[in-house]
Amino acid sequence: MSGKTIRVDYLARVEGEGALFVKFQGDRVTDVKFRIFEPPRFFEALLRGRMFSEAPDITARICGICPVAYQMSACHAMENVMGVKVDGPLRALRRLLYCGEWIESHALHVYMLHAPDFLGYDDAIQMARDHREIVNRGLRLKKAGNDIMTLLGGREIHPVNVRVGGFYKIPPKPEFVALAEKLKWAREAALETVRWVAKLPMPEFERDYEFVALRHPGEYPLNEGRLVSNKGLDIPVREYDQHFSEEHVAYSNALHSVLNERGAYFVGPLARYSLNFDRLSPLAQQAAREAGLGPVCRNPFQSIVVRSVEILYACDEALRIIDEFEMPEKPAIDVQPRVGTGYACTEAPRGFLYHRYRLDAHGNILDAKIVPPTSQNQKTIEADLRDFVPPRAELPPDELQRQCEQAVRNYDPCISCATHFLKLHVERE
Amino acid sequence: MTPISPGQLIIGVGNSLRSDDGVGIWVARRLREQLPPGISVVEASGEGASLIDMWKGFASVILVDAVSSGTAPGTVHRLDAAEPVRAQFFRCSSHAFGVGEAVELARVLNQLPPRLIIYGIEGANFAAGAELSPVVARSAAEASDRILKDIRVEF
């Protein structure tokens, strides 16, 4: 049997630019490369010498795709250096802001980027011709997430209201009440979203992943928890560097993250869900069951269903937080810089985002390390393709390429922060 | 955001920490100082679904963004969204669903403003950094002047 190659120079519907290259001989994949060209480490150099207080906004603005995640990981890491803990109403409001980002990011991915794959459209524009009401629902749902970010983040892109210790300003209570009305609609729309995606034709594909996500004693993880896996990992976030490392690969400027003991691992909605199903709200659990999901989901294509369940959870959780809203005594707690190293992981929509900073006595950043979710998933994306392609090797080339791209999009990769430029090739010799 | 009244809107798109990708933001800030009150000027990241929401209710919209279309750096393109817009034209954006997609999706959903003009300024450098390339900075000033003329013609 002759060798074949799939090559996609420009991978559509992923954040940033990427390329895929898959080479196979008969039913054996000989090479898979998820390529990334731009050195990803520029933020860390940019942060060196800056004040601790600048890190949340600098990191959020350089990526821009999930600003809240960057702000939250940066704030928590700085607070970890200073030995302070943001609690009570301020903590709840941070969680509310993060719900906004989840709703916004997941709705965009489910409706605009991923659903067209399942329905056989080239993009959301083609899909909208036949499914206008559905696309409008997706846009409005995404807007509900943006509305949370606008209210609490100060504006919907590059939110400016977050600081180490809390917020610059807390909006008055009536504005939260008005937001709740929009979120009640969004919660219904999210429920309809779960029911809609549950009916999409789902490729059969499962692997025995090592899922890694935060786990918190009492809540579905957003800002805090221990890093746990289904294969025995259970560590505080500050031990991240002892268990994970980043490998250089020859064909890419990006670094591949690995678990030192076991190699590739999986972060993101599927991992969070499978490790924290019992922490979802009753409404989200029930919707997941009705959509045919068990408490663990190993089919990455079903991430579209899990993302929708997480949208529902985020709407439900946002409404709970607003319902219990108490105005904090002040918008931020006082923080004093001190010498030390701080660590944080928070759950970005795509998976956990690790930040580590070392500060001097004046609060200047001496060094920084940022590990975004997409670089953690790269190795798993490649491993998926190694298993996914062989049983489908005889498909027409265009169809095989389309399905490979769909398999990459399962991860909602954000190349603009993991890296910046990435291209996809699949080669048939 | 919700428009206060139907009218004119200028949208500057980009990321001012990505060198020439910030040219749309640069133009928006310059125009904000020169335009009469009543014309709204907003800055946007270029995420498409938000753009559709931003221009809702406005009669006339001018959008300015950096492009990477293979022409000489500094080239100023002026497109009328009455014609189809190629998404590839705006590929310097890191958004999977960007300006080109927003225009075409809004067209399908009947959510395009009655008049939408797009200025695309060809960038040279999209690496991390806060400065525009000199040739792009000159074009940004030129585009700002052309937009001011566009607006005068409309009133």
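**Close-up views of chains A and B**

**View 1. The contact between chain A and chain B.** In this predicted model, 27 residues of chain A are in contact with 19 residues of chain B. On chain A, the side that touches chain B draws at least two residues from each of helix 1 (42-47), helix 2 (55-63), helix 4 (88-119), helix 5 (124-130) and helix 6 (132-153). Helix 6 of chain A gives the largest share of that side, 7 residues. Sorted by class, the side of chain A that touches chain B holds 14 nonpolar, 8 charged and 5 polar residues. For the model, ipTM is 0.86 and pTM is 0.92.

**View 2. Paired strands 1 and 2 of chain B.** Strand 1 of chain B spans residues 8-13, and strand 2 of chain B spans residues 40-44. These two strands run in the parallel sense and are joined over 5 bridges. In this pairing, B:V13 lies opposite B:A44, a residue of strand 2 of chain B.

**View 3. The β-α-β unit of chain B.** Helix 1 of chain B covers residues 23-34. Together with strand 1 and strand 2 of chain B, helix 1 forms a β-α-β unit, and this unit is right-handed. The strands of the unit are the parallel pair formed by residues 8-13 and 40-44 of chain B.

View 4. Chain B as a whole has an average pLDDT of 87, and 89% of its residues score at least 70.

Definitions and conventions:
Residues are numbered from 1 along each chain as its sequence is written. Chains are lettered from A and ligands numbered from 1 in the order in which they are written. This is a predicted model: local features need pLDDT of at least 70, side-chain atom pairs count only at pLDDT 80 or more; totals for chains, interfaces and linings use all residues. pLDDT is the predictor's confidence in each residue, from 0 to 100. Two strands pair if DSSP finds at least two bridges between them. Helices (H or I, at least four residues) and strands (E, at least two) are DSSP runs, numbered from the N terminus. A crossover is right-handed if, with the strands pointing away from the viewer, the path from the first strand over the helix to the second runs clockwise. Two residues are in contact if their C-beta atoms, placed from the backbone, lie within 7 Å. Ala, Val, Leu, Ile, Met, Phe, Trp, Tyr, Cys and Pro count as nonpolar, Asp, Glu, Lys and Arg as charged, and the others, Gly among them, as polar.
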